[in-house]
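Thanks for coming, everyone. Please have a look at the chain on the screen, and then we'll walk through it.

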Amino acid sequence: MPRVKKQNPFAARKRQKRENGPPKPDRRALPYEEIKRDNAFFIKYYDLQKICATEEEWTQFLTSIRDNLPTTFRVTGFKDEAKALLAIIESQLFTEYVRAVAELHQKAPEEVERPLCLPWYPNGLAYQLHLTRKDIRRSEPLYRLHNFLIVETTAGGISRQEAVSMIPPIVLDVKPTDKVLDMCAAPGSKTAQLIEALHASPEEHKIPPGFVLANDVDNNRCYMLVHQAKRLNSPCLLVTNHDSSAFPNLLTTQPDGSKAILKFDKILCDVPCSGDGTLRKNPDIWLKWNLAQAYNLHGIQYRIVRRGAEMLEVGGRLVYSTCSLNPIENEAVLQRILKDAEGALELVDAGHLVPGLKYKPGMTDWKLATKEVDQVFTSFDEVPESLHTIIRPGMFPLPADEMEKIGLEKCIRVLPHLQDSGGFFVAVLEKRRQLAFEKNDVKELEDQNQKANEADTAAKEPQLDEEGKPIEEKSVPWGPQRKRRRLHGYKEDPYVFFGENDADYLAIKEFYQLDGTLNQRCLLTRCLTDKKKNIYYCSDVIRDLVVNNEHNIKIINTGVKTFVRCENRHTVHPYRLAQEGLQTSNAFMGASRRIEVERDDLVLLLNCTDPTKPPSTHELRQETQQRCKELGVGSCILKYVDERFTLFVVGWRGTSSLRAYVHKDETIHILRLLGADLSKFETNKYEEARAAAAAAALTATDPAADDEAGESSE
């Protein structure tokens, strides 16, 4: 038998390379190709729908939607210092903006168009810049503007958000007493607006009586939502993870102690959509847009708004919105729910809440078509049987007499060319009476809770072996186990509320002289341990929701961090205050741990960026030094009063020092409000890149220089 010759794999690879020709360049190394902003099906379909009144307006629409979207931001309106920050933006920031844009475009400063204050946004707190995100990120003259947007967004001073996306929360008209549900909340910019509206009257309520329940079906996006909403540090927020179209009824406790089905005063249904209104922001949609997306989404959009209508209180308000221009996702969904409601829901005009906004009325007539828009249908009778599972009868406009009764013209249609924005659709519904298909079975929910509690109790009982001895849980060498991945995301840590006469609470109450109106049962931790690490606080109504419904729905996050364990050999108390929760806890604090400081002292404390070298109390004003002597070592509140605002900052009184306990971005935010010098915090990434490139080039030409640099650093 002849020997089989073994192939050399390296030689085989060489032959393969020769046959394939010269290697292709790495696609990632090639310059970015601009997306062609065109889609024949899109243009044909919307031309067919006559979304613009004239040919001239249609041309303007196409020109606008192919252009990049300008940047917009809004100042967080519920904070005391909002007006002061707005004044700084309108003077210092916009002066720098004009100078930088003039340099960028090689213009005279007087030729630069100033940022536009959005006329329809309340209190003049929102602005539109005549620059795109790409301009701001990639232009050196604008680096100070870029730094400002990043820092103030992280600190919670502003929110970067598309202009049209700000409309739904405004027309929802949230009050501090409202029970609010955001059904499809992620990524969270609209949820943040709802929280701001809830906290709009701090002088009336220490903590708002209402709350915001923010839900999303996507587990990963829920964490993005938490990150966005956490900047506002509200104890009145609950984040859940559930399918909105099948959102469960929730139990709430009545004043008499009985249980009832929770009904919401305000509901936002910003439903998943095809997103063709965002083409200016997301140009990749040009490549994949087709009508099948709208047909596929119509059903889930209807089910979400139907479920929202069921959970709405009689007299309550529901806002339905999409970032789509397609009537199949907008008016067709609304006419269907209004018809099914049989007069229980009414479409209302909300234009007066956004004065100055340019928009079109809702459509009362539209056509359907095939995916390629080569066949057009005006009624279901014209649809071929092969498309009956895709195109449904409810997608077609109702007869003219029925259409007139529901008043679809009260909807708000924002088109890109009307005010240099994205495209958006908003409709406001109010509930006049209970729906025929509503289910409000309290007994069923209570039985479910009881069974779940019994199962929990059984699970906590120790398991016994054959001899009747408890089986020890298997220990692991790396300490506490990480969250375990489950089918629908991670299993969250438990919510453990304080009981009566909790030892840690009594110690905290004594040290900080807490007001008796603070409900200790609203303090919670996220772990089952005697040695609590972080202590969070939530409002009474949020606690009630968690306790009554934690078995019924997956809760992702609630509570604002208020106290943090910080054991130190010099301290008499193991918990320090958390800056995140100071906005809430400050109202309940006594006078014993407060220090009133002047501007110069606060600037000095905030400018100390090295926690190992805090400022000595001898560097402070005499009055501050005297107050420090009266205080023992530990956490304290630094209070600064200005004619424009009052600031509260967490501080730490050391044995011979005082420091501010604040995150870097919030430090910059406060220093900006105080009018202090921020030059030490300004970073020019372009200069840093040039310096790094020069150092690398020097190292490449002179290796000895690198050795010298290494020796000098040692």
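Which residue in E4 is the bridge partner of Val75? It is Ile158. Before going on, some ground rules. This is a predicted model, where local features need pLDDT of at least 70, side-chain atom pairs count only at pLDDT 80 or more, and totals for chains, interfaces and linings use all residues. Residues are numbered from 1 along each chain as its sequence is written, and side-chain values use heavy atoms, with hydrogens and water left out.

Now, names. Helices (H or I, at least four residues) and strands (E, at least two) are DSSP runs, numbered from the N terminus. Two strands pair if DSSP finds at least two bridges between them.

Back to that pair. Strand E1, residues 71-75, is antiparallel to E4, with three bridges. Both belong to an open sheet of four strands, in the order E2-E3-E1-E4, with antiparallel pairing. Its edge strands are E2 (116-117) and E4 (158-160), each pairing on one side only. Helix H4, residues 82-105, lies across E1, E3 (126-129) and E4. H4 runs at about 150° to E1. Axes here are lines fitted to C-alpha atoms, for helices over the stretch in contact (heavy atoms within 4.5 Å). Angles run from 0 to 180 degrees between N-to-C directions.

Next sheet. This open sheet of four strands has mixed pairing and the order E26-E27-E28-E29. E26 (594-596) and E29 (658-660) are the edges, and each pairs on one side only. On average, neighbouring strands of this sheet are turned by 35° against each other, direction ignored. E28, residues 646-653, pairs with E29 in the antiparallel sense over three bridges. There, Gly651 stands opposite Ala660. Helix H20 (622-630) lies across E26, E28 and E29, at about 170° to E26.

A cavity is a set of points on a 1 Å grid over the protein atoms alone, where a 1.4 Å probe fits but cannot get out. Lining residues have an atom within 4 Å of a point. Points are joined across faces, edges and corners, and a volume is the space filled by probe spheres set on them.

How many cavities of 30 Å³ or more are there? Three. Strand E24 (560-565) and helix H18 (579-585) each give two or more residues to its lining. Among the lining residues are Leu514, Tyr537, Phe563 and Met589. By class, that lining has seven nonpolar, three polar and no charged residues. Nonpolar means Ala, Val, Leu, Ile, Met, Phe, Trp, Tyr, Cys and Pro; charged means Asp, Glu, Lys and Arg; the others, Gly among them, are polar.

The second largest cavity is about 50 Å³. Its lining includes Lys230, Asn233 and Gly559. Three of its lining residues are nonpolar, five polar and one charged.

Two backbone details. The peptide bond from Ala186 to Pro187 is cis, with omega near 10°. Pro187 sits in the loop between E5 and helix H8 (189-198). Asp173 has a positive phi of about 55°, although it is not a glycine. Asp173 lies in the loop between helix H7 (167-172) and E5.

Last, confidence. pLDDT is the predictor's confidence in each residue, from 0 to 100. The chain averages 88, and 90% of the residues score at least 70. Strand E5 (179-182) is highest at 98, while strand E18 (485-486) is lowest, at a mean of 46. Over residues 472-487 the pLDDT is below 50. Where pLDDT is low, the predicted coordinates should not be read in detail.

Technical notes:
On a 1 Å grid over the protein atoms alone, a cavity is a set of points where a 1.4 Å probe fits but cannot get out, and a pocket is an open set with protein on both sides within 12 Å along at least five of seven lines; lining residues have an atom within 4 Å of a point.
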